[in-house]
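Good morning, colleagues. I would ask you to turn to the structure that I am about to show.

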Amino acid sequence: MSQLKTIQDEHLTTWLPRLLAHGGPRFLQIADALQAAVADGSLTPGDRLPPQRHLAAQLDVDLTTITRAYDEARRRNLLEGRGARGTYVAAPKVELTAILDLSMNTPPPPDGVDFDDMLKQGLSQVLMRADNELLMTYHLGGGSDSDRQAGAKWLAPMFGHLDSRQVVVCPGAQAAIAALILALTEPGDVILAEPTSYPGLRAAATQFGRHVIAVEADKHGMLPEMLEQACSQHKPRLAYLNPTLQNPTAITMPERRRKELASIAQRCNVRIVEDDPYWLLADAPPPPVATFAPEQVVYISTLSKCLTPGLRVAFVLIRDPYERERFLVALRSFALMVAPLTAALATQWILDGSADGLLAGVRKEARLRHRMARDILAGRYSGAGDGLHVWLELPAYWNSSQLAHAAASYGIAVTPAEAFATGSVSVNAIRISLGSIKDRGRLQAGLQRLSHLLARRPESFSAAVV
């Protein structure tokens, strides 16, 4: 009997976390580890947890930390107390078995930022200071003067002081890309992009009858000599770049490469669309390509990846007034305006500093999640430690579409390389998004499941499923 009890005790402590100095409050790390263990099956309903004093001794923390951790776990419906008999794992709730979405790049909810209060306060300020009639009518000029000033302030870390008249406010980056394709190209024209690139570019180009052609890239991004060759061969009107924490490869293009590409674009008279949603999340990124060829590059910065997708606000820097007007005409043909209320809320947050606080929280949370991914995907993780996603190259025995299908059977959604290919698939990889799962414990569980899956061969997985 004592031997059986020892085995059971060992089973019930395998979930214990390795507490990290920079991993956030310790009680939350413990609660997150409990939730991850329940989600991946290491702990099952009815398992009895160690007494709090014993657990405090094992983890070398004070009793109050364990009490707070257990309280937090009860709040998440993970644990139930049974009086003198102790604390047990509760029956699982629906949310513990729901799909774990690692496929959508959204900012993670940061600790220490009360988003509900921020939303209420921001809307209250908007309604108190704005003309309510103006919030419910048409706006045709690409944003009000205040919205454009907020856009110039948002872009100041990249460019310094800007003339706000050069900034256009758009309903998201996808709308901006589509409008630029309509404004700056003709049906049948070629648009150049890297071999793996944002799928929204290809979707819009195909819809409008344009052709996206891949230009070879290396570990620093698009190759300058290949861009020049492609310009000579295809006579493109546009080249699309996502140079900072590129989607999906997470590569940040170095400054020298940016300068070289800008120079070639000027020489070949091809416009560059610089889609740069992650610049403010990156650790010391180089200056945008647009700083090296201001008249040649149109720059897009969206709030969806740094703050929240619900705002649907992006700022587009177009210095040429003629091109700016053509862009606005194209934009109005399918997306008349940003919703004035959300534009006003974005402006309020930017001008009163709330956006900076939320951005700082998102950056901190993203880095914590990258450290988690690095620990769990040891030997496979190759991220930069910032941004919202990891590009995970796969072992030879998996291909990306096969793994995505197998992961779905495991209750995990990931995005295979095929989704990003501008031509033939050039790499065997998946993109893992770290912000789309709100709860850090559930993210940990998803990464652990994925790590277990990667360690198995497809044939063994298929046999297990059957």
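This is a predicted model: local features need pLDDT of at least 70, side-chain atom pairs count only at pLDDT 80 or more; totals for chains, interfaces and linings use all residues.

Residues are numbered from 1 along each chain as its sequence is written, and side-chain values use heavy atoms, with hydrogens and water left out.

Let us begin with helix α2, residues 26–40. Helices here are DSSP runs of H or I with at least four residues, numbered from the N terminus. The expected span, 1.5 Å times one less than the number of residues, is 21 Å for the 15 residues of α2, and the end C-alpha atoms agree, being 21 Å apart. Because 13 of its 15 residues are buried, α2 is largely enclosed by the rest of the structure. Buried means under 20% relative accessible area, exposed over 50%, and partly exposed in between, with a 1.4 Å probe and protein chains only. Just after α2, Gly41 has a positive phi of about 90 degrees.

Next, the largest pocket. Its lining comprises 27 residues, and those nearest the centre are Pro109, Pro110, Asp111, Lys438 and Asp439. Two or more lining residues come from each of α2, α4 (63–75), α6 and α14 (354–376). The greatest contribution is that of α14, with 3 residues.

Finally, Arg456 lies in the loop between α16 (440–454) and α17 (458–465). Its relative accessibility is 24%, so Arg456 counts as partly exposed. Tyr397 is 59 residues away along the chain, yet the C-alpha atoms of Arg456 and Tyr397 are separated by 9.0 Å.

Key. On a 1 Å grid over the protein atoms alone, a cavity is a set of points where a 1.4 Å probe fits but cannot get out, and a pocket is an open set with protein on both sides within 12 Å along at least five of seven lines; lining residues have an atom within 4 Å of a point.
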